[in-house]
Amino acid sequence: MDAKTEEPKVRCRKCLIREMDKEKYFANMYEYIAHLDEDIKAPIEVYEKRLAVCKTCDYLEEGMCRACGCFVELRAAVKSNICSYNKW
Ligand code: SF4
């Protein structure tokens, strides 16, 4: 593997989104969701119902809730999270 294709060994914990490769950023987010502890993770049916509500909401824009600023897929994945507008 040459230096150009080599994955960084350390994650940049202080990087802003604009400084990161967006594809990798979102892949990392999905990986994070997939590996949430079962204790805090919303059941898949709940998760999908929440996202279905977000899909009909005017606050959803490019995956982000303009009411709370979260990526809705991340917010909906945690059982104890709620929608800022009590839609779920
Ligand atoms: S979290 Fe609530 S306010 Fe935000 S997009 Fe989803 S339904 Fe709308």
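## Burial and model basis

A residue is called buried if 20 or more other C-beta atoms lie within 10 Å of its own, exposed if 12 or fewer, and partly exposed in between, with C-beta atoms placed from the backbone. By this criterion, 9% of the 88 residues of the chain count as buried.

The model is predicted: local features need pLDDT of at least 70 and side-chain atom pairs count only at pLDDT 80 or more, while totals for chains, interfaces and linings use all residues. Residue numbers start from 1 along each chain as its sequence is written.

## Fold

The chain has 3 helices and 2 strands, in the order α-α-β-β-α from the N terminus. Helices (H or I, at least four residues) and strands (E, at least two) are DSSP runs, numbered from the N terminus.

Among contacts with a separation of 6 or more, 53% join residues 24 or more positions apart; a contact requires C-beta atoms, placed from the backbone, within 7 Å.

## Ligand shell

Around the ligand there are 13 residues, and C54, C57, C65, C83 and K87 come nearest. Near means that the C-beta atom, placed from the backbone, lies within 6 Å of the molecule or strand.

The shell comprises 11 nonpolar, 1 polar and 1 charged residues. Ala, Val, Leu, Ile, Met, Phe, Trp, Tyr, Cys and Pro count as nonpolar, Asp, Glu, Lys and Arg as charged, and the others, Gly among them, as polar.

## Positive phi

E62 is not a glycine, yet its phi is positive, about 50°. E62 sits in the loop between β1 (60-61) and β2 (64-65) and is exposed, with 6 other C-beta atoms within 10 Å.

N86, also a residue other than glycine, has a positive phi near 55°. N86 belongs to the segment after α3 (72-77); it is exposed, with 6 other C-beta atoms within 10 Å.

How values were computed. Contact = placed C-beta atoms within 7 Å.
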